[in-house]
Amino acid sequence: MTAHEIDYRIYGEEMQYVEIELDPQEGVIAEAGSFMMMDDGIKMETIFGDGAKNDSGFLGKILGAGKRILTGESLFMTAFYNTLTGKRNVSFASPYPGKIIPIDLTEFRGKFICQKDAFLCAAKGVSIGIEFSKKLGRGLFGGEGFIMQKLEGDGMAFVHAGGTMAKKVLQRGETLRVDTGCIVGFTQDVDYDIEFVGGIKNTIFGGEGLFFAKLQGPGTVYIQSLPFSRLAGRVLASAPQGGGKDKGEGSILGGLGNLLDGDNSF
């Protein structure tokens with residue numbers, strides 16, 4: 001498997017986008033909805049399957065598409081090719097505030113495992129599949145971390161971390177416990193399992209869920225401070241309830257404060 005050799009540049013701080021520079025006939029694949037802009041001469045093509053090869057045969061494409069359904073993604077991916085003689089650029093944007101992480105698969109022995117909604121784009125030739133858990137605990141209680149994506153090949157891939165990204169390099173036997181939704185991805189040698197929090201008070205009143213993700217080295221782990229599920233939950237909890245009335249947070253005046261500060265609609 002030989003992926004296209006692409007150059008890139010990441011712009012921005014909190015709402016980043018990655019600009020991919022394509023030589024003639026080079027290509028990049030991306031998730032639907034991540035496209036931002038492209039130069040003239042870039043051809044866009046919809047791919048049925050995982051995007052690794054166009055000549056994998058009909059059965060191979062069906063299997064690749066089936067894998068993507070299991071991760072909750074679309075049946076299709078989009079490929080962008082440079083059809084002209086000079087260099088051309090195509091850009092892909094973050095779906096919400098956070099950081100874009102470049103992953104050189106050659107540095108990780110050709111495989112990287114990531115959360116199912118973390119993948120943004122990759123060089124043409126990189127395979128996007130699924131990574132099933134072989135442990136019963138993850139299958140029963142893993143939640144967001146049970147079915148993950150695996151990126152395989154020898155090219156560049158880009159994943160997105162919500163909020164602030166933390167990179168942890170674990171030594172052999174070293175353990176890290178993480179909220180299951182805060183995992184962005186990890187290298188293939190990391191042992192991943194689910195661990196019960198423990199304690200009656202923690203279970204009933206802790207508010208952090210009943211299970212941790214337990215990651216054991218050796219390997220590299222990427223952690224995000226703001227999973228999208230957490231962001232969506234906070235937005236939903238703060239949304240106006242019942243006839244458009246909001247909570248009036250931060251003001252003892254409540255609804256009257258909205259009249260005074262202009263934050264009011266009729």
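## Buried residues, cores and salt bridges

Thr 78 is buried, at a relative accessible area of 15%; buried means under 20% relative accessible area, exposed over 50%, and partly exposed in between (1.4 Å probe, protein chains only). This is a predicted model, in which local features need pLDDT of at least 70 and side-chain atom pairs count only at pLDDT 80 or more, while totals for chains, interfaces and linings use all residues. Residues are numbered from 1 along each chain as its sequence is written, and side-chain values use heavy atoms, with hydrogens and water left out.

Thr 78 belongs to strand β6 (residues 76–82). Strands (E, at least two residues) and helices (H or I, at least four) are DSSP runs, numbered from the N terminus. Thr 78 is in contact (heavy atoms within 4.5 Å) with Val 28, Ile 29, Ala 30, Met 44 and Glu 45, leaving aside neighbours within four places in sequence. Between the C-alpha atoms of Thr 78 and Gly 33, which are 45 residues apart along the chain, the separation is 9.4 Å.

His 160, in strand β13 (residues 156–162), is buried too, with a relative accessible area of 4%. Its side chain reaches the backbone oxygen of Tyr 96 at 2.9 Å. Not counting residues up to four places away in sequence, His 160 touches several residues, including Pro 95, Tyr 96, Pro 97, Ala 118, Val 184 and Gln 224.

A nonpolar core is a set of buried Ala, Val, Leu, Ile, Met, Phe, Trp, Tyr and Cys residues joined through side-chain atoms within 4.5 Å. The largest one has 39 residues, and Ile 20, Phe 92 and Leu 151 have the most contacts inside it. Another core, of 14 residues, lies apart from it and has Val 178, Cys 182, Phe 186 and Leu 215 among its members.

Charged residues come next. Side chains of opposite charge can pair when their charged atoms come close. In a salt bridge, a side-chain nitrogen of Lys or Arg is within 4 Å of a carboxyl oxygen of Asp or Glu. The structure holds five salt bridges, among them these:

| Pair | Closest N and O atoms |
|---|---|
| Lys 99 and Glu 13 | 4.0 Å |
| Lys 87 and Glu 21 | 3.8 Å |
| Arg 109 and Asp 189 | 2.8 Å |

Lys 99 forms a salt bridge with Glu 13. Lys 99 lies in strand β8 (residues 98–104) and Glu 13 in the loop between β1 (7–11) and β2, so the pair ties together parts that are 86 residues apart in sequence. Lys 99 is partly exposed, at 21% relative accessibility, whereas Glu 13 is exposed, at 56%.

Lys 87 forms a salt bridge with Glu 21. Because Lys 87 is in the loop between β6 and β7 (88–93) and Glu 21 in strand β2, this pair ties together parts 66 residues apart in sequence.

Arg 109 forms a salt bridge with Asp 189. The pair links distant parts of the chain, 80 residues apart: Arg 109 is in the loop between β8 and β9 (111–114), and Asp 189 in the loop between β16 (183–187) and β17 (191–196). Salt bridges with shared partners also join Glu 21, Asp 23 and Lys 87 into one network.

Glu 19, in strand β2 (residues 17–22), is buried yet has no salt bridge. Arg 9 is the nearest side chain of opposite charge, 6.4 Å away; Lys and Arg count as positive and Asp and Glu as negative, while His and the chain ends are not counted.

Notes: A polar contact is a pair of N or O atoms within 3.5 Å; within protein, one must be able to donate a hydrogen and the other to accept it, and residues adjacent in sequence count only if both atoms are side-chain atoms.
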